[in-house]
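Please open the model in your viewer and keep the sequence panel beside it.

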Amino acid sequence: QVLDEGATLNFFSVHPSAGYHDKPSLSPFLLALPTPLVNLGEKVTLECRSEIMFDTFILTSHKTGTIKGSFKLSAEHCHGGSQANFSIGPVTSDDAGTYTCYGSFNHSPYEWSESSDPIDIKITGLYKKPSLSALLGPVLISGENVTLSCISDHQFDMFHLSIEGVPLGQGLPAMQSHNGTFKAKFLLGPVIQTGNYRCYGSFSNSSHVWSSPSDPWYFSVTASLILCAFNRMRIVVSSSRILS
């Protein structure tokens, strides 16, 4: 792993006392996603910040509920708060997992704040990409349901769907078809976001490690614009009748 200059890698055999201060916030700095999907070999920066003037921030990584490692950085003070940027990468499958951060003061380094909300980092690109298809075309009517099928000849346990790089839901278990392939069907609707959808495969024993993304499937939802245009036309017609 690559950390910012001045960072030190610390493994704690005993977890320091936590919960003495309000929790800081942890958010991805480069990707700006609630749950980052990071391709194998790329870098990701996690920004830990708080309104409290902490001296130090600690980033912890977890796998299967166990702390795998802790990374410490001196805090920068700016805009009435404090923050630290943790750079990780180029990532490997070992970097996949759940990350949280804590704040602390120099005079009491073993007293940590409450933990931030966790962020799951999923590493993609470990396996061959599945394929994604839909029964309907790329232009949808508002309120219409659509089913996306994710298919692979790999024996994946789970399939996952994302839109514009943001995972949707917790994924679906893979089902084996009669032809020996594995697939899952994602039902979308009645509210469907416009954008590029992709799917991924994963195995139950490494849920944070995903396949390469499928080719994108783009949906455009234009019915709301059509409805607005129809309403405007109806108002004009009504007005013309009143004037006549």
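What percentage of the 244 residues in the chain is made up of buried residues? Buried residues (under 20% relative accessible area, with exposed meaning over 50% and partly exposed in between, for a 1.4 Å probe and protein chains only) make up 39% of them.

The model is predicted, with local features requiring pLDDT of at least 70 and side-chain atom pairs pLDDT 80 or more, while totals for chains, interfaces and linings use all residues. Residues are numbered from 1 along each chain as its sequence is written, and side-chain values use heavy atoms, leaving out hydrogens and water.

Display the whole chain as a cartoon. Of the contacts (heavy atoms within 4.5 Å) with a separation of 6 or more, 70% join residues 24 or more positions apart.

Next, select the open sheet of four strands, in the order 13-15-19-18 with antiparallel pairing (at least two DSSP bridges between two strands). Strand 13 and strand 18 (175-176) are its edges, each pairing on one side only.

Select strand 13, residues 131-134.

Finally, move to strand 18. Two bridges pair strand 18 with strand 19 (residues 182-188) in the antiparallel sense, and Gln 176 stands opposite Phe 182.
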